[in-house]
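Good morning, and thank you for coming.

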Amino acid sequence: PGEFIGLGNYIRLFQQALFWQVTWNSVIYTASTLLLKTGLGLWLAVLLTKVPARTFFQALLFLPWVIPSSLSSLMWWWLYNAQFGIINQALKVVGMTPIPWLADPSWARLAVIVVNTWRGLPFFAMCFLAGLLAIPNEFYEAAQIDGASQRAQFRYITLPLLKPIML
């Protein structure tokens with residue numbers, strides 16, 4: 001009977017509604033931030049390959065990654081402040097009502113997803129940019145000669161060659 005004592009704890013845990021709520025919140029948070037960082041990171045990386053002053057914009061993009069967490073936390077706390085935050089002030093200017101960003105659970109979840117995406121986006125974008133710059137130009141030249149569209153080149157050349165980075 002001694003070896004089954006821990007099993008009862010798991011049974012009680014899985015029967016609690018709070019456990020399933022926390023699990024669901026974690027799934028939403030993880031899926032949202034991963035999809036946003038991947039999608040936006042890939043988009044920014046592709047955009048950076050086409051910009052003439054790439055190094056300047058790379059440095060600008062990398063700022064959220066190098067700012068200490070304590071400073072970025074204070075910045076976002078100030079932005080999300082229900083009474084004096086700049087986001088709510090902007091909403092008031094356009095005639096909308098202020099949002100209790102950190103007081104309401106649904107808005108707080110969204111606020112945390114935005115902060116996490118902002119913080120991690122530079123890493124994703126730089127990884128994708130490195131992958132894009134490593135793809136030989138000959139692949140794209142051959143595809144253009146064969147008459148492949150930009151979309152087809154992205155789908156059949158870029159995405160397959162970036163798959164190791166995405167994984």
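Predicted model: local features only at pLDDT ≥ 70, side-chain atom pairs only at ≥ 80, totals over all residues.

Residues are numbered from 1 along each chain as its sequence is written, and side-chain values use heavy atoms, with hydrogens and water left out.

Let us start with helix H2, residues 17–50; helices here are DSSP runs (H or I, at least four residues), numbered from the N terminus. H2 has 34 residues and reaches 50 Å from its first C-alpha to its last, close to the 50 Å expected at 1.5 Å a residue, where the expected span is 1.5 Å times one less than the number of residues. Among its buried residues are Thr33, Gly41 and Leu48; buried means under 20% relative accessible area, exposed over 50%, and partly exposed in between, with a 1.4 Å probe and protein chains only.

I turn now to the aromatic rings. The structure holds eleven aromatic pairs, that is, rings of Phe, Tyr and Trp (its six-membered ring) with centres within 6.5 Å; planes under 30 degrees apart count as stacked, over 60 as edge-to-face and the rest as tilted. Phenylalanine 56 and phenylalanine 57 form an edge-to-face pair, 5.2 Å centre to centre with 75° between the planes. Phenylalanine 57 is partly exposed, at a relative accessible area of 35%.

What is the arrangement of tyrosine 80 and tryptophan 101? Their ring centres are 5.4 Å apart and their planes lie at 40°, so the pair is tilted. Tyrosine 80 belongs to helix H4 and tryptophan 101 to the loop between helix H5 and H6, 21 residues apart. Both tyrosine 80 and tryptophan 101 are buried.

Technical notes:
Helix = DSSP H or I, 4+ residues; strand = E, 2+ residues; numbered from the N terminus.
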